[in-house]
Structures are given as C-alpha cells and as structure tokens.
Amino acid sequence: MPGAKLDENKILYRLRTAPNPDDFGVLYDTYVKQIYRFVYFKVGGHEEAEDIASEVFLKAWHYIQAKKEVKSFRGLLYSIARNCVIDLYRARALRPEVLMGEEIEASDAGNWEKEFQNKDESQAVLTALKKLKQEYKEVITLRYIEELEIHEIAGIIGKSRVGVRVTLHRAIKKLEEMLGRQI
Amino acid sequence: MAQDLITQLKNLRVGPIDPKAEWVAENRRLLLTQIKNTMPVAAPVNVMPVVEQAWEWLSIFMPANVARRVVRPLAVLMVVLLVATQLVNNVDAAYEALPGDWLYPAKRATEKTQVAMAIMMGNQNSETKLHIKLAQRRAEETKKILQRTDTPANTAVAAATMVELKNEIATVSLQLTNSKDTALNADAAKDVKQNSEQIKDVLQAVKNNLLVSTTTADVALSKEVSATKDLVNDVSVQAVEVLVAKHLEGDTSVSKADVTKALDKSLQSAASNAAASKQNVGEIKTIVDSVKIEIKDLTSDFKKQGGENLAVATNTKQFAEQINLVANQTIAAVLKTEAVSASVDKQVTAAQELLSTGDLSKAINTIKQITEASKEAEKISETSLHSVQSLLPIVQVIKDNNPVAVSSTVGIIVLPANGIIMVSGTAVLATTTSGILKVTVTVTGTPIIKK
C-alpha cells in the first residue's frame, strides 16, 4: 500500500477511535486546494467557492464522527462538494443543470477565463468546457483537472466504472468537436 | 488529437485558480475551532470496544469491506475451532509461555500488535506503560528460563531474552528523555518507577542463581544481567527526575509527598546497594584469608614429610602464590568499597537534608551521584567474586581408601563418600593419600555470603 494512502488510513483510524482536531487539520491541508478548485470550476466565483469549501470539510468531519464507512476520503470530499453545489442552487430555487452555465456567466466568468496565462489556447478550451453539458464537464474536470481515478469518479457521481469511461470518451469527443479538431 | 486536448486540460490546474493563502489559513483556524466546539470538554473516553478497535485498525491495511466480510469471519471461525479442539482452553496459557513453547510466538505477536495499536493511537502514556510492562515480562521470562531443567541451551535463550529486555528499557529511557516534548504524564512516570523497581528485584534473583555457576556462558550472562540491572536503575532514577520536573512545573497530579516518597525510596535503594557490596567484599576477603592460612599450613606439613609429598608441596606452593595475588586484590577491593560506602553515607545524609528543606532538584542530583557510586561498589564486589571463583575451581576429590580429614581454622570437614565437597561460605581443604590436592569452594544463596 503506497505510503501516502497508508498515512491517510492511519489518520482516519485515529479520527474514528480517538478524534483529534489536529489530525483532521492534516487532511484539510492535503485536500483544501483540490476541493476549492473543483467547486470554483462549478460555481465560477471565489466567494462562493470559499463558502462551499468550508462547508465541505465540516460536513466531512461530521461524516467521520458518525462512524460511517469511508472508502476514499478524497472521494468523500468530492461527493460532499458536488452535493453542496447542487444544494446551493436548489436553495435558490433554480435548476442546477441550467444554472451551471448561466451562473458562471452571471458571476465572474469573464475573470475566470482571464486568469489563465496562455490565454489563446486556454480560453478556447475553457469556453468549450463551459458550454459542455454538466455531466460531461463534471467527468472531464474530475478526471483530467483533478486527476481522480475512474473508480473514485464512479463513486462520486453514482455511475459504474464502465459508465464513467463511456461518458469520458463521449465528453472528450464532444470537446474536440467543439474545438474544431480532428478526431 | 485527444492526447493534446487532455494535456491542455491538465494544464488548467494553474496557480490563479488556487485559493488565497490567507483564506486557507483563516479557514483552517475556524474549522478546527468549530470542530473543537463539537467535542466534549473533558478528554473523550474512547468507548469503542477493544475488539472493534482491532478491526478498525485492520482497515488501515486493507479495504474495510475485506476486513469486515472476509478476515473477521475467518478469525472468528479460527477461534471457535481452537476452543472446540481444546488447543486453547486457558487464557493464561499464552501469557505464561516461554521461548520454545508453542504458544510463545502467539504471545509475542499479541504484544507486537498491542505496541502497534498504542503507536497508532498516538498515546505516549499508554505506549510507555506498555514498554515497561513488556520489559518486566522479559525479566520474569529470563528468571523462569534459567529455572528450567528440561530444556537445553537455557543460557543462550536467556541471553536472547535479556537483549529484548534491554531494547524495551532503552525505549522507555528515550521516552522519558523526550517527556518534555511529548504528552508523557506523571502517571506514566510513576508506572515506570514502580515497574523498574520490580524488574531490578527479578534481575537480582537471576544474578543470585547464576552465582553458583562458573561456566563461561553463565559468567557472560551474569555480566549482561548486571549491565541490564544498571540500565533499569538509570531508568528508575530518570522516572523520578520526570516526576520532580512535573511537580516543579505545577503538575497537580504529582504532589510533593509523591515526589519526596519516590526520592526517598531511590535514596534508600542506592544506599543499601552500596552497603551490601561493601559487606560482600568483606565476606570474600574472609574466605580468601582462610584459604591462604590453610594452604600455608599444608605446604609446611608436606615439606616436613618429604618424599612423595614434596611434589605435592611444590604444587601447593604455586597454588598459594595465586591465592596471595587474589588476596591482595581483595584487600584493595575492600578498601575501595569501604571508601565508597563512607562517601555514600555522607551523600545520603546530605540528600536527606535537601529533601527535608524541599530542594528537590538538588536532591535528585545527589541521588544520581549516589546511584553511580553504588553501581561502582557493586562492580568491585562482582569482580572480587569472579576472581575467587576462577581461582578455586569446582573439582571432584579423588579418594583413596583412607580419606583424610584436615582440621582447618574454620571447622572440621570430613570427606563424604562420593568425594565431592560442597561448602557454603567456608574454605575447606582436603587431601588424600595419593597427594592430589583439590579444593572446592562454592558460593550459594544471596549475594551476602554467609558463614
């Protein structure tokens, strides 16, 4: 078992048997940037990303303290993050599928794209990514930007591994079409 | 192509999307505060049963569902089968197992699991208490191993067990040294102090048993036991030092009375060790002096008789020269231990003064000096004893038809029929008509050699 995974399992063991905030702090330090980025790509704004990221870690703490099984802590965080974003838009009584694209437009989407160094290439990819349907955008973000494993993505979005691979393939194909590239 | 696109997607993980460092730090602080607020004020009592903890621990190394659905049922089945076949029908059987017994590997595996779990839990106090407890077990095992008569190579097995004991003591010592930086509390230090005193008693009993033997392996083991006893002594003093430090820092779990009692006990222990060593060396000198006188008388007798006994007289004279050498060494040892004892007496008085005035820091420093002096006296005593034992080998007296009784200044001993003389604390010389002079001196019992 790789060292980092073993260390994380040790921390989770300690959190379940003798909870210690400092141990949880170690997990926070490991994953905070990833979760923040994931949420940011979904909501397109720093303030909302900060609020949701905070909420994600607190909910993860309560989940562990409830002694529920944690197969993958990273997967747990992304699942919670995903649900938090959905809750955010439900709370505003808006349809999340439509909102994802619109919300980004309404927030600082313009800044979102401007923040990348290689603007020409990145901007094209981002614009295309933004226009993908939610399901495709999510799997591409999780797989290639957040670098999660297929089985983790399957656990987060509630699909089978085969289903995730098929969706990924279709998503990349669609993105290429939108970018006008040869398949 | 698709691969280029994937590369570009991966490149989207860029700095500007990362959260602000100030937000990360502030959010962390807020998060941990919120978490602490959800926890009980007192230190949480871990109510998870030990068995459940063990399965949780197992899930560190394998997926939780495998531990739960495969390993756990298998383990339960094994226990059921073992009990059903009465292979394990006594829960104490494994605990009492010694090296070489079939349950000993299970006993050691259980101990290693306990240590691993204590480390996982990050509880320094439990870990330290466990290590000193294991050290005590190793000491008890060593004693029992040497008492066994049915197993060969006991000395080698005992020596290996002593190595394990030393390792445990070294671990405890390190943890006491680092106690300022870790969460080691006074309770753990008290445990160490108490258990180390018990370990010292066990090791002293082991040494006493080894005194009667002069084999190379046993002498080496005896030295090893002495060295280990010194280490245990050091750890005992270290534990008292930690208690003093905790008390002076304001730790209310260790009162002044607790500290004074612990210091006094260490003081008495060191002082009595020094006194015992002085007495031992005195007794050894008495034996050597007695042997010297008898050898001198015999040499003179054989010379007067002449003839065949002249050859015996020559051998006896050489023997006498060896004894003179040892006697001189013993005199030097007596003087040294007397000097050490006198110095220790003064220091004990000084330490008691410091204790009564409440100067605990100086008191512990004085006790450390007394402990070192006491160790030195003990080493001198052991060296003298080994010198005497090596000089007077255990041999079988060869008899002729007419055993001869020789009067000595310490008593008349008649040769028994089997020709072997065993003496406790007295020097006896015996001769036979064939002229072979053989002497047996055996030291038995406690380190204080009884007349």
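Where is the place of B:Leu74 in chain B? It sits in helix H4 (residues 64-84) of that chain, helices here being DSSP runs of H or I with at least four residues, numbered from the N terminus. The model is a predicted one, where local features need pLDDT of at least 70 and side-chain atom pairs count only at pLDDT 80 or more, while totals for chains, interfaces and linings use all residues. Residues are numbered from 1 along each chain as its sequence is written, chains are lettered from A and ligands numbered from 1 in the order written, and side-chain values use heavy atoms, with hydrogens and water left out.

B:Leu74 counts as exposed because its relative accessibility is 51%; the cut-off for exposed is over 50%, buried means under 20%, and partly exposed lies in between (1.4 Å probe, protein chains only).

Chain A is built from 10 helices and 0 strands. Of its 183 residues, 54% come out as buried.

What about the inside? The largest nonpolar core has 67 residues, a core being a set of buried Ala, Val, Leu, Ile, Met, Phe, Trp, Tyr and Cys residues joined through side-chain atoms within 4.5 Å. Those touching the most other members include A:Phe24, A:Ile35, A:Phe57 and B:Leu9. Helix H2 (residues 21-43) of chain A supplies the largest share, 12 residues. Domain 1 (1-108) and domain 2 (116-183) of chain A both contribute, so this core lies between them; the bounds come from an automatic or database domain assignment. Apart from this core lies another, of 51 residues, with B:Val254 and B:Leu360 among them.

Terms used: Helices (H or I, at least four residues) and strands (E, at least two) are DSSP runs, numbered from the N terminus.
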